[in-house]
Every structure is written in C-alpha cells, then in structure tokens.
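The following questions and answers are meant to be read beside the sequence and the structure. Please consult both while following each answer.

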Amino acid sequence: TMINPKIQEVINHKQTAGRADGKEGGLSSRRIHMLHNLIKRSLDKAVKLNLIQKNPAEDISLPPKKHKK
C-alpha cells in the first residue's frame, strides 16, 4: 500500500527535524512512539470500520525506546 512509505517518511522526518518549536533536531524516541501510537490507533479504527483492510502503521520502523534512569 502507498500509505505505508508515507507514514515511515513522516516518522523519519520527525526523528531528525520534526520539532514544532523551531529548535534544531528531532523529537525524542518517546514522542516518536507516542506519534506512532496515535497514527496506529486511528488506522486501527479505520480497519474496524472496514474503511481499509490492513493497518499500514503496523510495519513501521521505530527507534528503540530509551528508558530514563
């Protein structure tokens, strides 16, 4: 499906230069995971409503989660 590469493109962009506050750099891995969760849950709903057959956000590559010490 064509949407999968677009979702991955958005995630990749947010990791490197996706800050809305104008500062350099990308979002934290926690924020990336939160963004992915929002996209995935929205598309899960579309699957449930039979608007799409498969959730394209399921196959997205994410950065590893970093745990605070």
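**Salt bridges and a helix**

Q: Is Asp 21 buried, partly exposed or exposed?
A: In this predicted model, the relative accessibility of Asp 21 is 47%. Buried would require under 20% and exposed over 50%. Asp 21 therefore counts as partly exposed.

Q: Which side chain meets that of Asp 21 in a salt bridge?
A: Side chains of opposite charge can pair when their charged atoms come close. The salt bridge of Asp 21 has an N to O distance of 2.6 Å.

Q: How many residues apart are Lys 40 and Asp 44 in helix H2?
A: The side chains of Lys 40 and Asp 44 meet in a salt bridge at 3.2 Å, N to O. An α-helix has 3.6 residues a turn, so residues three or four places apart point the same way. Lys 40 and Asp 44 are separated by about one turn of H2, that is, by 4 residues.

Q: Within what arc do the buried residues of H2 fall, seen down its axis?
A: Ser 29, Ile 32, His 33, His 36, Leu 43 and Ala 46 are buried in H2. These buried residues line one face of the helix, because their directions from its axis fall within an arc of 135°.

Q: Against which helix do the buried residues of H2 pack?
A: The face of H2 turned away from its buried side carries the exposed residues Arg 30, Arg 41 and Lys 48. The buried residues of H2, in turn, pack against helix H1.

Definitions and conventions:
Residues are numbered from 1 along each chain as its sequence is written. This is a predicted model: local features need pLDDT of at least 70, side-chain atom pairs count only at pLDDT 80 or more; totals for chains, interfaces and linings use all residues. Side-chain values use heavy atoms; hydrogens and water are left out. Buried means under 20% relative accessible area, exposed over 50%, partly exposed in between (1.4 Å probe, protein chains only). Helices (H or I, at least four residues) and strands (E, at least two) are DSSP runs, numbered from the N terminus. The arc is that of the directions from the helix axis to the C-beta atoms. Contact means heavy atoms within 4.5 Å. A salt bridge is a side-chain nitrogen of Lys or Arg within 4 Å of a carboxyl oxygen of Asp or Glu.
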